[in-house]
Amino acid sequence: MENQKEHFPHILFYYFRKGKNAVQAHKKLRDVYGEDALKLRQCQNWFTKFRSRDFNVKDAPRSGRPIEIDDDKIKALIDSNRRLTTREIAENLNISKSSVENHSKRLGPLIAHAIATAYRVAVIPGNLYRTQAEARISALGNNANAGSWC
């Protein structure tokens, strides 16, 4: 589908030149490519662009586009030093702290646990009863921050 998406603006420009409107062009795209071809709003945006005499069919560069970071780089950093914090990883890879946190969720519980260990906090599931959480925290002893139970 990704290879086809780059052709949709060309197809929309063709329908624009034929005198069709965005709704008609969207229906034709949906008939051929299925429901996830392009949203109606995207077709309308392209037609608005064409009506303003901007016939460039390439997407404009986006300033807020996220930086692509490889999960393997984060995993390698954590494997080399299990005590790195998310802030240190972010500074090392020149990305935001929240990006590191999002990637760590995808990498799995071992990475999340390594990051939590670096912060010296207990990894306690939020769906435990208070007594269960307190029992786990007390079992961890001095290795965890018992200030928060979930």
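Before the details, a word on conventions: the model is predicted, and local features need pLDDT of at least 70, side-chain atom pairs count only at pLDDT 80 or more, while totals for chains, interfaces and linings use all residues. Residues are numbered from 1 along each chain as its sequence is written, and side-chain values use heavy atoms, with hydrogens and water left out.

Let me begin with the chain as a whole, which has nine helices and zero strands, where helices (H or I, at least four residues) and strands (E, at least two) are DSSP runs numbered from the N terminus. Of the 150 residues in the chain, 27% are buried, and here buried means under 20% relative accessible area, exposed means over 50%, and partly exposed lies in between, with a 1.4 Å probe and protein chains only. If we take contact to mean heavy atoms within 4.5 Å, then among the contacts in the chain with a separation of 6 or more, 47% are accounted for by residues 24 or more positions apart.

Now to the helix packing. Helix H3, residues 22-33, and helix H4, residues 40-51, pack at an angle of about 130 degrees with their axes 9 Å apart; the axes are lines fitted to C-alpha atoms, for helices over the stretch in contact, and angles run from 0 to 180 degrees between N-to-C directions. That angle makes H3 oblique to H4, given that angles under 35 degrees count as roughly parallel, over 145 as roughly antiparallel, 65 to 115 as roughly perpendicular and the rest as oblique. On the H3 side, Ala22, Val23, Ala25, His26 and Leu29 meet Leu40, Cys43, Gln44 and Phe47 of H4, and by class this contact has seven nonpolar, two polar and no charged residues. In that scheme Ala, Val, Leu, Ile, Met, Phe, Trp, Tyr, Cys and Pro count as nonpolar, Asp, Glu, Lys and Arg as charged, and the others, Gly among them, as polar.

What does leucine 12 contact, once its neighbours within four places in sequence are left aside? This residue of helix H2, residues 8-17, is in contact with Ala25, Leu29, Leu38, Cys43, Trp46, Phe47 and Phe50. Leucine 12 is buried, with a relative accessible area of 0%, and its C-alpha atom is separated by 6.4 Å from that of alanine 25, 13 residues apart along the chain.

The second pair is helix H5, residues 71-80, and helix H6, residues 86-93, whose axes come within 11 Å and cross at roughly 125 degrees, which makes H5 oblique to H6. Lys73, Ile74, Leu77 and Ile78 of H5 make the contact with Ile89, Asn92 and Leu93 of H6, and these residues divide into five nonpolar, one polar and one charged.

Ile74 comes up again with histidine 103, which sits in helix H7, residues 97-107, and touches Ile69, Asp71 and Ile74, not counting residues up to four places away in sequence. Histidine 103 is buried, at a relative accessible area of 11%.

Arginine 53, in the loop between H4 and H5, has a positive phi of about 65 degrees although it is not a glycine, and it is exposed, with a relative accessible area of 69%. Asparagine 94, in the loop between H6 and H7, has a positive phi near 60 degrees and counts as exposed at 64% relative accessibility.
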